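Please look through the model below.

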Amino acid sequence: MRGAVLHAPGEVRLEQRDDPRIVEPTDAIIRLSATCICGSDLWPYRGIEAIETPAPMGHEYVGIVEEVGGAVRTIKPGQFVVGSFWASDNTCEICRAGYQSSCIHRVLMGAIGTQAEYARIPLADGTLVATPDVPPPDLIPSLLAASDVLGTGWFAAVAAEVGPGKTVAVVGDGAVGLLGVLAATQLGAEHIIAMSRHQPRQQLAREFGATHIVGERGDEGVARIKDLTHGFGAHSVIEAVGTEESIMQAIRATRPGGHVGYVGVSHDVTLPGDELFFSLVHLHGGPAPVRLFLPQLIELIWNGEIDPGKVFDLTLPLDDVAEGYRAMDQRRAIKTLLAL
Ligand SMILES: [Zn+2]
């Protein structure tokens, strides 16, 4: 099969990889219908995160089940399925508590590499959720978004305790932040402040339900959030970047007693203990347990209630994966869908 492989920073190539096969009896093999490039794929692409190369790339996926192992009970060949970037059994004590991204048997899909024609999905019964039928082509981008960015934005909103009557601020205008806006809308937030300096992203934030846009960042951005909230700060803040500047902006924009939901993958962040202590802010986040939300998100998409696929502003054939990375690296694209 063909699949994307990172050879060195800035160097992604589509090349021949071994066809996946069933290794464990709990595995399934899927034929990808679409895959995409994640903001977190840019960390190794930019050489900021050191990884062993050559490395297969990609962890977002939707597709048709081709084959299942002997112990797979609920997932069947021919089904269209969506899964998360962590394979999980969905039965252990951690999964049952809603933290499938820390499943005791978890497998990182990024190590398998789903920017490819086929992929092996471990723990298929726990990991995959089948859609009611094979979807029409126009639903595929939104179902693919559920695999990571939508589920991650949703978890950030839940972790930030977004709800009716609350003011929510969103730090980060990448695909996850924008879908955090969508999640906040769905969860009934009263005011949603998107922090973004980029006009096309501001526009999409508004389409997803943002009521206010703040272009300033850092201390000025915090001051603007305070201005909009009678000096208190937001009840709920979604942090979707992962730098020290962005997480401190999120904490400082949150009122005492408020909640920060952080899902930007943390890179070289050091938090000041004294400021945290006096902030009286709740912090919750980490790699999103997307699997927890998949049934609900698939239903919302299937019923046409949400259209998270709008975050894909560039669609390329898998063959052009290298251009997909360049476009996101240079911020010419919010998120690239790779069609198969
Ligand atoms: Zn588990």
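In strand 4, Ala55 is the bridge partner of Leu6. The model is predicted: local features need pLDDT of at least 70, side-chain atom pairs count only at pLDDT 80 or more, and totals for chains, interfaces and linings use all residues. Residues are numbered from 1 along each chain as its sequence is written, and side-chain values use heavy atoms, without hydrogens and water.

Strands here are DSSP runs (E, at least two residues), numbered from the N terminus. Strand 1 (residues 2-8) pairs with strand 4 in the antiparallel sense over 2 bridges; pairing requires at least two DSSP bridges between the strands. Both belong to an open sheet of 3 strands, in the order 2-1-4 with antiparallel pairing. Strand 2 (11-16) and strand 4 are at the edges with a single partner strand each, so one side of each has no neighbour in the sheet.

The loop between strand 4 (55-56) and strand 5 (62-68) holds Glu60. Glu60 counts as buried because its relative accessibility is 0%; buried means under 20% relative accessible area, with a 1.4 Å probe and protein chains only. The side chains of Glu60 and Lys335 are joined by a polar contact of 2.9 Å (a pair of N or O atoms within 3.5 Å, where within protein one must be able to donate a hydrogen and the other to accept it, and residues adjacent in sequence count only if both atoms are side-chain atoms).

The zinc ion has protein donors Asp89 (OD), Cys92 (SG), Cys95 (SG) and Cys103 (SG), 2.1 to 2.3 Å away. Donors are N, O and S atoms within 2.8 Å of the metal (3.2 Å for Na, K and Ca). Angles of 95 to 123° among the 4 donor atoms make the site tetrahedral, a label for four donors with all angles between 85 and 135 degrees. Cys95 and Cys103 are buried.

Terms used:
Tetrahedral: all angles 85-135°; square planar, octahedral: opposite > 155°, others 65-115°. Buried < 20%, exposed > 50% of the residue type's maximum accessible area, 1.4 Å probe, protein only. Helix = DSSP H or I, 4+ residues; strand = E, 2+ residues; numbered from the N terminus.
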